[in-house]
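Take a look at the sequence and the structure shown here.

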Amino acid sequence: MAGSFGPLLRSLRQSARLTIEELSHASGVSVRAIGDMERGVSRGSQRRTVQALAEALELDDGRRDELADAARAGRPRTAGELPERSGWYELPRGLSDFVGRAPELELLCERGRATSADGLAPIAVVHGAAGLGKTAFAVRVAELLRDTFPDGQLYVDLRGVDPEPMAAAEALHRLLRALGLDPRTIAEDEQERAGQLRAVMAERRCLLVLDNAADEAQVRPLLPAQGAGMVIVTSRRALGGLEGVTRIPLAPFSQDESAQLLRAISEGTADSEVEETGRVSRLCGHLPLALRIAGTRLASRPGWTMGHLADRLSDEDRRLANLTAGDVGVEAAFALSYLALSSQAKEAFRRLALAPTVDFGAAVAAVLIEADLYDAEDQLDKLVELGLLQHEGADRYRFHDLIRLYASRRLQEEEPAPARAAAQGRMADWLVGTATAAGRLFEAGDGELPPHDDGLVRLTTSDEARAWLQVESDAWLAGLRLAAAAGRDQQVANLGEAMRWFAAEVQYRSDDWLEMFGLTRAAAARLPDRRKALWHMNRHVWAFLSVRSLQGEAAVKEAVERAMEVYRLADDLGATTEQADAICNAAEGWRALGAADQSLRAYSEGRELAREASYHDTYYWATNGVALALAQAGRRDEAIEIYRSLLRDIDRRSTLTIAARYSRASTLVHLSGALILEERFREAIDVVEPALGETTTQSNEVTSMLHWRLSRAYAGLGEDDEARKHLTRTLETAETYYGPWQPKYLDTARAMLAALEVRPA
C-alpha cells in the first residue's frame, strides 16, 4: 500500500529493539535516509536499500515480501509512466538520415552496455565546435541504447551558450521530477538535490542526456555516482575538469560522409554531379550543420543543381549567408560561442582572421593582439576550449574554414580599417624581421651574431633558425608579400640578402625562392644602390634557373638570357663581383643544356673575374663548375685534379666562410661521384668516409648524398653489407631533408636496396 512503507519500517525496527543509529550501522543505510523513510519524506525505497534493511532486521520471508511491497507501492514511477505534461525530459527527435560517426557510436554503445567493475555509472562528454552534430550524435546513441536502459531516457538542454545558462539547481529539480519525485520532497539546497539525484540514479537503469553544457560547475552536481545508469554530456568545451569520463571529440565529416549526407538530404545525386557534390562538401568545410543546411536548400529548390549550389557557396562574402535555412544558420551557431568570450578573447578571435596561413603559431597571435606569448596562449586556449579554434599540437593552431570566414566578418564589422591595417602591418613587420634575423645566422655562423630573442622567438643557432624558417615558411613569405605591397623596399631587400644561404641549402623550395627573389629584385631596383640591385637580379636569375631547368630546354635558354642581361649591366657598371655571379649563372644554364664547351668557358671566365676581385664565394663556385664541365665533356681525370686542388685550397684557410663550407661539401660530392664513374671505388671511399664525421660541412642533404656515394662505391667493390647500410642511411637522411621534393638518385637508391635485400649475403 502506498504510504504504508514508513510506518511499517518503524514498526519492524521497534520490534527488533533497534535504534535508528543501530539499524543504520547494521544495514549501511544512512541515519538521515532511515529517518526520512519512517517520517514519510521518502515514501519508498529502492530494491537494494530494502534488501539491506531486511537483512539488518533479520526478517523472515513473509515480512521481507511485505516490506518490499510497501516500498514498491511508494516508489516513484518510472520515466515511461510519467504524465504527458512532463514531456520536457523526453529526447529530441532523432535524424532518419543520420550518417557517419561509426567508431564513436560503437565506443559509447559498448560503454553503455558494459557493467563497470567499480560500480560507477559511465559518463561520456561529447565535445566540439558548433555545427558538428553533438546533439544529434547523443540522441543517436540513446536510440541505439533504448533497450539497455528500461527505466527511462531523460534529456535536459542546459543552455550552455545562452547569456544565462540553466542553473544546476534548476536542472536537478527537473531531473528529479522527471524521475518521479514528488515536488514537495525535492530539497531546496542544491547539494541536497544532487544527493537525491544520486540516490535515485543508484537504483535506476536510466540514460541522461545533458545537452549543451556550459562548464564543469554546471554539470558536476548532475552526475550520478554508483549505479547502472549512464550520462552523455554534450558541450562546445571539452570539460577537462571532469574526472573519470570518456571524452568523444567530434571532428568534421570525411569526404565520403559529407557526400553521403548531401545525397540523403537532397534525395540522391546524379553520377554526373559527384564532382560538384565534392565541391559543396569542401565549401561547407565538411561541417554537418552546414551540409544539412546546404542539402535542405537544394532539396527545397527543384530548379537547382548541385553545381548551382556550389557556385553560390563559392562566394566567400556570401557563403555564411547562403548557409542559412529558416531559423537555422551556421553563422548564428558560431555567434553563440563568440558571445560567450571575454572582450580580450573576442579581439584575439577577430585578429586571427589576419593570420596569413591556414595554420599559425602562438607568436603570430601575440603580435596581432599586442600581448606577450603567455597571454596570447591563454586567449588561444579559450578559443580552443569553445571550439572556435583547433589545436594542431606543437604550438600550431588553425581555424575551420567557415569559422575563419566568421572571424573575418567580425573583424570587418567590429574594428575600423586603420586598426585592421595596423595589426596586419605589425604582423608583416614581425614576420619579415624574424625571417631576416634567422637568415643571417646561416651566413654569420652560430654564435657570431647576438641572439635574436623578442620574447616570442629565440634564434641563437642555425638549427633553430632553420626550424623556424621551415615551419613558418608560408607565413614569412606572406609577410614579405604584404611588405612589398606596402612599399617597404629596404625591408624587403634586406630579407632577400639574408636568405641567400638558407635558399642555397633548401633548394627544394625553388618555386618560393623564385617568388621571393622576384619581390626582392623589384624592391632593390627602386633603391639607390645600383650594385645591390644587380646582386638581387643575380639571385632572381639563380632561382629562375633552378625552376626553369626542370621545365625544358626553352625555359633554360630564357634563364641564360636573363643571366647574360645581368652580365652586360654589371660590365657597364664595372661591378666585377656581380659580373662573375652572372656569368656563372649562365654557365649553370649551358651545362644543363649539355653545352659543355660553352659552360666551361663561362665558368672559367667567372673564375678569373672572381680571382681579380678577391671574391672567394664565387671563386669556389666557379672552380667547382669548371670541374663539372670538364667531367661532362668526358675529361674526368682533369676534373678530379681540380676538385682535389680546390679542397686543398679551402682546407688551407684558417676559418671557413659559409661559402667555403658549402663549396667543400659540394666538391666532396662531385669528386666522389667522378671517382666512382672512373671505378676508383676505394679512392671514393677514402674521400667520403672522413667527411661524414665533419659537422662543419654537413647538412642532411649533403649527408644523404655522401651515403649514396658510399653505397655505390661499396656495391662496386661487391661489399653488399656496407652498401645496404649506406643505402638505408641515404634514404633516412633524405626523408628529413627533402620533404616532398625527391632527387632522382633516391629512386635508384630504393631500387638498389630492394635488389640487395633479395640477394643472398
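In which order do the three strands of the open sheet with antiparallel pairing lie? The order is S8-S10-S9. Bear in mind that this is a predicted model.

**The three-stranded sheet**

Strand S8 (359-360) and strand S9 (390-393) are the edge strands, and each of them pairs on one side only. Strand S10 covers residues 396-398. S9 and S10 run antiparallel and are joined by three bridges. Look at His 391: its bridge partner in S10 is Tyr 397. Helix H19 (residues 373-385) touches S8, S9 and S10. The direction of H19 makes about 45° with that of S10.

**The five-stranded sheet**

Strands of a sheet pair through backbone hydrogen bonds, either parallel or antiparallel. Another open sheet has five strands, and here the pairing is parallel. The order is S2-S3-S4-S1-S5. Strand S2 (153-157) and strand S5 (246-249) are the edge strands, each pairing on one side only. On average, neighbouring strands of this sheet are turned by 15° against each other, direction ignored. Strand S1 (residues 123-127) pairs with S5 in the parallel sense, over four bridges. Within that pairing, Ala 124 stands opposite Thr 246 in S5.

Two packed helices are described by the angle between their axes and the distance between the axes.

| Helices | Angle | Axis distance |
|---|---|---|
| H29 (residues 576-592) and H30 (residues 596-612) | about 160° | 8 Å apart |
| H12 (residues 274-283) and H14 (residues 306-313) | roughly 30° | within 8 Å |
| H1 (residues 5-15) and H3 (residues 31-39) | about 120° | 6 Å apart |

Start with H29 and H30. Their angle is about 160°, and they are therefore roughly antiparallel to each other. H29 passes H30 in a left-handed crossing. Residues of H29 in the contact include Ile 583, Ala 587 and Trp 590, while those of H30 include Ala 602, Tyr 603 and Leu 609. By class, the contact of H29 with H30 holds nine nonpolar, five polar and four charged residues.

Now turn to H12 and H14. They cross at roughly 30°, so H12 is roughly parallel to H14. This crossing is left-handed. H12 brings Glu 276, Thr 277, Arg 279, Val 280 and Leu 283 to the contact. H14 brings Met 306, Gly 307, Leu 309, Ala 310, Asp 311 and Leu 313. The residues of this contact divide into six nonpolar, two polar and three charged.

How do H1 and H3 lie to each other? Their angle is about 120°, and they are therefore oblique. In H1, the contact is made by Phe 5, Gly 6, Pro 7, Leu 9, Arg 10 and Arg 13. In H3, Ile 34, Met 37, Glu 38 and Arg 39 take part. The contact of H1 with H3 has five nonpolar, one polar and four charged residues.

**Aromatic rings**

How many aromatic pairs are there? The count comes to 13. One of them joins Phe 442 and Phe 502. Their rings lie 5.2 Å centre to centre, with 50° between the planes, and the pair is tilted. Where do these two residues sit? Phe 442 is in helix H21 (residues 417-444), and Phe 502 is in helix H25 (residues 500-505). They are 60 residues apart, and the pair links distant parts of the chain.

Notes. Residues numbered from 1 in each chain as written. Predicted model: local features only at pLDDT ≥ 70, side-chain atom pairs only at ≥ 80, totals over all residues. Heavy atoms only, no water. Pairing = 2+ DSSP bridges. Contact = heavy atoms within 4.5 Å. Axes fitted to C-alpha atoms, helices over the stretch in contact; angles between N-to-C directions. Parallel < 35°, antiparallel > 145°, perpendicular 65-115°, else oblique. Left-handed = near helix turned anticlockwise from the far one by under 90°. Nonpolar A, V, L, I, M, F, W, Y, C, P; charged D, E, K, R; others polar. Phe/Tyr/Trp six-rings, centres within 6.5 Å; stacked < 30°, edge-to-face > 60°.
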